[in-house]
Amino acid sequence: MQRLHLKDERTFSEEEEEKLQQTLGIDGPELELVLQTLEFLLQQAAYHAAKPAVLSQQLTQLELEQAKVEAIVSVWTTNGRDVLQKLRQQTLHPSQLEDINWRLNLQIAQSSVSKQKLPNAMFELGVRDSEEGVGKKKIRVEFTHSELYQFYNQLEMIQKQLDGLS
Amino acid sequence: MTMSIIQVTGTGKSFANDRTPFYGVRVPTEIKTMIKPLSKLDKNIFRKILVLIVTAIEGKEVEYKQLKELESKDFSEEVLSIIYSGLLKLLQNALRVPLESLKQELFKEDLHELQIPEDFQTDLASVVFGNRRSTIDRVSILSRPRLPQIDCLKWRVDVGISTSVLNRVLEPTVLMEMTLSDGNIHTFEVPVSKFHELRYNVAFVLKEMEDLEQRNVLKIKD
């Protein structure tokens with residue numbers, strides 16, 4: 001269940017799979033089938049956001065043993081919400097904003113002017129790129145008071161849109 | 001042609017307090033060098049050179065040939081260049097000091113100590129204290145070194161309806177396209193939780209800035 005939202009990853013490592021084979025008393029291909037079946041059932045439950053009662057009924061209809069049905073339903077009841085949450089937040093977009101750091105400075109002089117009191121803010125936005133080998137990009141921007149206020153107003157407009165959705 | 005550097009000494013007048021002249025503790029070389037030729041300079045040519053200098057200070061382009069045009073049998077382009085450099089240095093030093101800290105009479109006193117002819121003192125004072133000053137100050141601040149700023153922010157709010165793994169998603173995301181002043185364009189997605197963090201931080205810094213501007217008027221003395 002914990003790994004359901006991760007794409008392209010095998011749930012258990014090779015060592016773990018070997019141990020499972022021994023514990024369950026089945027061989028390689030059989031273990032493969034068991035794991036794939038369970039994954040499929042849970043993925044389908046996630047896709048349809050199945051309610052535990054409905055899931056229970058449908059699994060029984062597939063003629064699974066009652067004990068097994070109960071096991072699957074209980075795991076789904078406990079962890080289903082979290083999995084759905086994670087899956088909902090999955091995105092196709094390559095770049096995500098991850099970090100927000102800032103610094104507030106007071107400029108007191110420059111080469112052409114002395115004795116100043118000019119506040120300015122520096123923001124560093126860490127953007128993670130999901131492409132291989134690109135790593136995290138750091139966007140560094142500077143704002144004066146009025147420039148920051150302008151930015152804030154734009155963020156407020158976006159917030160209004162988000163508020164309108166709920 | 002030989003150049004002589006004059007030792008600029010005080011006129012023997014004492015200062016009321018131990019005040020540092022507007023150009024600093026020592027007279028800059030460029031100013032020292034120009035004093036002698038300046039004393040012989042004709043007022044018209046002085047004014048023309050001053051116009052060129054003010055144009056340059058206001059951030060506009062000045063071509064060398066504009067200075068060379070002023071050449072005459074009394075004043076070679078070399079001497080004109082010396083005068084130009086000296087006057088430029090003098091004005092740059094004066095303009096560095098905020099208006100509140102430099103009084104016009106003291107400025108003229110310093111000019112007098114430098115042996116700048118009285119005629120020219122008035123013209124120089126009008127650059128520093130006249131109505132061009134606000135433009136000059138604005139250009140100075142605009143030309144400071146800066147990190148990139150956000151030139152344009154485009155955004156989009158999307159709501160995912162369904163995906164290959166989930167029949168019903170209904171989760172909003174924010175997409176941002178930031179065009180910076182260095183020409184770079186950054187496009188990225190902002191998850192809703194991160195967006196709230198961003199908004200919170202921006203509001204926080206804004207408040208801190210406002211506090212800083214209030215506090216600082218009281219604490220930092222000129």
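Buried area is the accessible area that two parts lose on being put together, summed over both. I start with that term for the entry on the two chains. The model I am reading is predicted.

**Entry: chain A against chain B**

I looked up the interface. About 5,600 Å² is buried between chain A and chain B. Carbon and sulfur atoms give 68% of that area. I then looked up the residues involved. On the chain A side, 57 residues are in contact with 57 residues of chain B. I also asked which three residues of chain A supply more of its buried area than any other three. They are A:Y47, A:E142 and A:H145, which supply 11% of the area that chain A buries against chain B.

**Entry: α3 and α4 of chain A**

Next I took a helix pair in chain A. Helix α3 of chain A covers residues 52-61, and helix α4 of chain A covers residues 66-88. Their axes come within 10 Å and cross at roughly 155°. Angles over 145 degrees count as roughly antiparallel, so α3(A) and α4(A) are roughly antiparallel to each other. The crossing of α3(A) past α4(A) is right-handed. From α3(A), I noted A:P52, A:L55, A:S56, A:L59 and A:T60 in the contact. From α4(A), I noted A:Q66, A:V69, A:I72, A:V73, A:W76 and A:T77. By class, this contact has seven nonpolar residues, four polar and no charged.

**Entry: α2 and α4 of chain B**

I moved to chain B. Helix α2 there runs over residues 43-57, and helix α4 over residues 77-96. At what angle do their axes cross? I read roughly 50°, with the axes coming within 10 Å. The two helices, α2(B) and α4(B), are therefore oblique to each other. Their crossing is right-handed. On α2(B), the contact uses B:I45, B:F46, B:I49, B:L50, B:L52, B:I53, B:A56 and B:I57. On α4(B), it uses B:L80, B:I83, B:Y84, B:L87, B:L88, B:L91 and B:L95. I sorted the residues of this contact by class and found 15 nonpolar, no polar and no charged.

**Entry: α5 and α6 of chain B**

I stayed in chain B for another pair. Helix α5 (residues 104-113) and helix α6 (residues 118-129) pack at an angle of about 140°, with their axes 10 Å apart. That makes α5(B) oblique to α6(B). The crossing of this pair is right-handed. The α5(B) side of the contact is B:Q104, B:F107, B:K108, B:L111 and B:H112. The α6(B) side is B:E118, B:Q121, B:T122, B:L124, B:A125, B:V128 and B:F129. The classes here are six nonpolar, four polar and two charged residues.

**Entry: a record for chain B**

Last, I checked UniProt. An unreviewed entry there lists residues 149-213 of chain B as "domain: COMM". I then read the model over residues 149-213 of chain B. The chain is 34% helix and 43% strand there. The end C-alpha atoms of that stretch are 21 Å apart.

Notes:
Residues are numbered from 1 along each chain as its sequence is written. Chains are lettered from A and ligands numbered from 1 in the order in which they are written. This is a predicted model: local features need pLDDT of at least 70, side-chain atom pairs count only at pLDDT 80 or more; totals for chains, interfaces and linings use all residues. Side-chain values use heavy atoms; hydrogens and water are left out. Axes are lines fitted to C-alpha atoms, for helices over the stretch in contact, and angles run from 0 to 180 degrees between N-to-C directions. Helices (H or I, at least four residues) and strands (E, at least two) are DSSP runs, numbered from the N terminus. Angles under 35 degrees count as roughly parallel, over 145 as roughly antiparallel, 65 to 115 as roughly perpendicular and the rest as oblique. A crossing is left-handed if the near helix is turned anticlockwise from the far one by less than a right angle, and right-handed if clockwise. Contact means heavy atoms within 4.5 Å. Ala, Val, Leu, Ile, Met, Phe, Trp, Tyr, Cys and Pro count as nonpolar, Asp, Glu, Lys and Arg as charged, and the others, Gly among them, as polar. UniProt positions are given in the numbering used here, feature names are shortened, and annotations may be inferred rather than shown by experiment. Buried area is the accessible area (1.4 Å probe) that two parts lose on being put together, summed over both.
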